[in-house]
Amino acid sequence: MTFAYPVALVLLLPVLPLALWALRRHDRARSLRLHNFGEPGLLARASTLPSRRLTLSRQALTLTGLSLVLVAAARPQFGKRPASLVNSGRDLLVLLDLSRSMNAADGGLSRLARAKSAVLEAGARSQGDRLGLVVFGGSAFLQLPLTANQAAFRRFLEAASTDDLANPATDLSRALTAAATAFEHEGERGFQSVLLLSDGESVEGDVGPALRRLRLAGVPVIAVGIGSSEGAPVPADSSEAPEKWHRDHIGRIVQSRLEEGDLRRAANETNGAYLHWTPATGAALSAELEKLERRTMSSRTSPERADRFQWPLALAVAILAIEPLLGALRHRRRT
């Protein structure tokens, strides 16, 4: 036999002596009051007050009942029983923008680093979910299919770089289309969602058809806009470039700004949510994900120790219920 909460047994050491002291003190005070009232022997024959033996019996029952309550609180366990372990979660496909503009830093970290940190924080709070990764720029492809292995997802996410794509532009329509296609082949409707992280500077493609597919499939898009309306200069493609900043075809330093239009549209048309990146975005994402339905991902049967606290608890209830009846029984015999 083992105990789930053995600390409750330790309470027996101080509780029982204190309870015994309190009962003894009450008994002495009662005896003193009776002695002051009249002759104890005469009062014992003429009244229905309990005898000394009955008082001690009732006190013993009280202490025994209290001890059994503490034993039950310790949750004694004996033997084993089969238990079903159910793992529930959602299917979440992360769409990560790897266009050149995601290297821009609107004060501090780059946009790409901010996007990764938000996903990692939200993922750490969403244990049980299956996660997949779509990376996109001017093109899009499924980097990692949906998996329950969050460690593998974390490795793929951390390794993602703007150097992974040959086309440095941004096409949100391709990313959303890739997500719609992936969910058509895997996952269960009603438990799928998309997390889109981008600065929204999409100058190619129409997001309308892809959003229509996602809406009909019941897939909400949670879009996170990363960047600022003031914008930031885009770094050069390589650290070995002669200049620090990327320039356009007429020699001007390229300024990249947050464009929320398509991001908000994606959230609105799919009954999702739009968030502008802040240091608290990870927690906000977790709150949005918690609103989504969960489904059973896997279940298995595993033996676990069987609780037997019901036995001492039932015995304690019976004893504590009998204790006041002893006085009533003696009163009935007197009458």
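**Charged pairs and nonpolar cores**

Analyst: Glutamate 269 has a relative accessibility of 27% and therefore counts as partly exposed. This value, like those that follow, comes from a predicted model.

User: Which residue of helix H8 does glutamate 269 pair with, given that the pair ties together parts 54 residues apart in sequence?

Analyst: Glutamate 269 lies in helix H9, so its partner in helix H8 ties together parts of the chain that are 54 residues apart. The closest N and O atoms of this salt bridge are 3.7 Å apart, and the partner counts as partly exposed because its relative accessibility is 37%. The residue in helix H8 is arginine 215.

User: Which residues are linked with Arg215 and Glu269 in a network of salt bridges?

Analyst: Within helix H9, arginine 265 and glutamate 269 are 4 residues apart, so about one helical turn separates them. Their side chains meet in a salt bridge with an N to O distance of 2.8 Å, and arginine 265, at 31% relative accessibility, counts as partly exposed. Besides Arg215 and Glu269, the network of salt bridges takes in Arg265 and Asp206.

User: Are arginine 130 and aspartate 91 buried or exposed?

Analyst: The side chains of arginine 130 and aspartate 91 meet in a salt bridge, at 2.8 Å from N to O. This pair links distant parts of the chain, with arginine 130 in strand E4 and aspartate 91 in strand E3, 39 residues apart. Buried requires under 20% relative accessible area, and both arginine 130 and aspartate 91 are buried.

User: Which element supplies the largest share of the largest nonpolar core?

Analyst: The largest nonpolar core has 28 residues, and those touching the most other members include Leu93, Leu176, Val194 and Val221. Strands E3, E4, E6 and E7 and helices H7, H8 and H9 each supply at least two residues of this core. The largest share, 8 residues, comes from H7.

User: Which residues does valine 221 contact, leaving aside its neighbours within four places in sequence?

Analyst: Val221 is among the residues that touch the most other members of the largest nonpolar core. With its neighbours within four places in sequence left aside, valine 221 is in contact with Leu176, Val194, Leu196, Leu214, Ala266, Ala267, Thr270, Gly272 and Ala273.

User: How many residues does the second, separate core hold?

Analyst: Leu92, Val119, Leu131 and Ile226 are included in this second core, which is separate. The second core holds 27 residues.

Conventions:
Residues are numbered from 1 along each chain as its sequence is written. This is a predicted model: local features need pLDDT of at least 70, side-chain atom pairs count only at pLDDT 80 or more; totals for chains, interfaces and linings use all residues. Side-chain values use heavy atoms; hydrogens and water are left out. A nonpolar core is a set of buried Ala, Val, Leu, Ile, Met, Phe, Trp, Tyr and Cys residues joined through side-chain atoms within 4.5 Å. Buried means under 20% relative accessible area, exposed over 50%, partly exposed in between (1.4 Å probe, protein chains only). Contact means heavy atoms within 4.5 Å. A salt bridge is a side-chain nitrogen of Lys or Arg within 4 Å of a carboxyl oxygen of Asp or Glu.
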